[in-house]
Amino acid sequence: MNDFIYHNPVKVYFGKDQLCHVGEELSKFGKRVLLTYGGGSIKKIGLYDKVKSEVKKSGLELFELSGIQPNPRIDSVRKGVQICKDKKIDVLLAVGGGSTLDATKYMAAGACVDFDPWDFFSKWAPIEKALPVITIPTLAATGSEMNGGGVISNPETKEKIGRGSEVLLPKVSFLDPTNTFTVNSYHTACGSVDIMSHIIEVYFTTEPDLHMLDTIMEGLMRTVIKYAPIALKEPDNYEARANLMWTSSWAINGFIDGGKKHEWSCHPMEHELSAIYDIIHGHGLALLTPRWLEYCLDENTVEKYYQFGTNVFDIDPNIDTMNVAKKSIEMLADFFFNTLGLEDTFSKVGIQEKDFSFMAKRACGGGTIKGFKPLGQKDIEEIFRMCL
Ligand code: NZQ
Ligand code: ZN
């Protein structure tokens, strides 16, 4: 295993009676707060009023930006940057799903430079400075509340890019599982797949693994497999929502990587699907992941599937290795498409073969994704075809 540094300074308040601390945390960064949110779910669930009242109680000045869409657009970022500059915002408070959190991180960084945000982020200039961000996630999926990453779309160029920087790590995040009770079945399912994928992208590598981290990843995956169906049946089951919420944060806050040098495979492929078709990220991952696993399975990789199948899905370890591997992929697909109820082919969600070569080329940047199995454009096109 490689040497590594683990440094995650995000302060987390977890639980249902923690919002009373939001004013005191915001106050540490100044007086002028920009509250950001999406299409209105936070109003429907009463969170907007609660947040506003806490902020006002602390004597802070509140500005607002609403309307951040799923697969957040660069236009929202531009609006937010303008408000930050015009109103001299001290701290941003993002309340919503990963899209709101991600867009807010981009605003926080965009406010510190004198370039158009798309030019700045898409030309890969280093992100060295950002205003402080505090988050209140309302959906268990992306882990944006505990990492320094974010993804943004530009509908004009049909691009979706991800950037990351330590300065984008939220200062504080308030994780209240009750805020996720109202997430509908579809987004609960997509969020659960996203969590699984963040783990699978790290778990399935050819690098030597740290047993301790593999065991933890298996526990995290088992947690999603156990609690996602409960959350679907009983949306206000606190234990289920709490388990999903905390698992989503730990799936992608740097901890499980443990120094592994690897590239993710399904995420770059999926970002092309959502860039062109605006589909929900977790759904794209559900379509791709079992087919990608099938594509990568061979005599050299089979052991990892055996470990996955026996430890995550309790497949009989006495069955021969290749059959355990195949069964593990079937069980994962069954979980995504039958238990979670997601449509199982590209055709059903409108993704067409005519775009495969373009999307595949962009997914691998015209070169190779050096993941579990190296994937060039032709490999990715083949995986896309397997999803049809
Ligand atoms: O916009 P509102 O009205 O808030 O409704 C949202 C949206 O329609 C709704 N929602 C959120 N919380 C709710 C709720 N509805 C009812 N009750 C609640 N409590 O759910 C819909 C989807 O929201 P969105 O924020 O788009 O979902 P998610 O959290 O899955 O975020 C997806 C975005 O994050 C990116 C994805 O690519 C995608 O753009 N990712 C970010 C990552 C990161 N920062 O580390 C990593 C991920 O791999 C991912 O790429
Ligand atoms: Zn993801």
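The protein chain in this predicted model holds 16 helices and 10 strands. Its radius of gyration is 21 Å, and the globule rule gives 21 Å for 388 residues, so the chain is as compact as a globular protein of that length. Along the principal axes, the C-alpha atoms of the chain fill a box of roughly 65 × 45 × 45 Å.

The next point is how the chain is divided. Domain 1 covers residues 11–179, and domain 2 covers residues 185–386. Taken over C-alpha atoms, the centres of domain 1 and domain 2 are separated by 27 Å. The two domains also touch: 25 residues of domain 1 are in contact with 27 residues of domain 2, where contact means heavy atoms within 4.5 Å.

Contacts can also be sorted by how far apart the partners lie in the sequence. Among contacts between residues at least 6 apart in sequence, 77% join residues at least 24 apart.

What percentage of the 388 residues count as buried? The figure is 56%, and a residue counts as buried when its relative accessible area is under 20%.

The surface comes next. The protein chain exposes about 16000 Å², and carbon and sulfur atoms supply 51% of that area.

The protein chain carries 42 positive and 51 negative side chains. The centres of these two sets lie 7 Å apart.

Definitions and conventions:
Residues numbered from 1 in each chain as written. Chains lettered and ligands numbered in written order. Predicted model: local features only at pLDDT ≥ 70, side-chain atom pairs only at ≥ 80, totals over all residues. Heavy atoms only, no water. Helix = DSSP H or I, 4+ residues; strand = E, 2+ residues; numbered from the N terminus. Rg over C-alpha atoms; globule rule 2.2 N^0.38 Å. Buried < 20%, exposed > 50% of the residue type's maximum accessible area, 1.4 Å probe, protein only. Areas by Shrake-Rupley, 256 points an atom, 1.4 Å probe, with all protein chains shown as cover. Lys, Arg positive; Asp, Glu negative; His and termini not counted. Charge placed at Lys NZ, Arg CZ, Asp CG, Glu CD. Domains from an automatic or database assignment.
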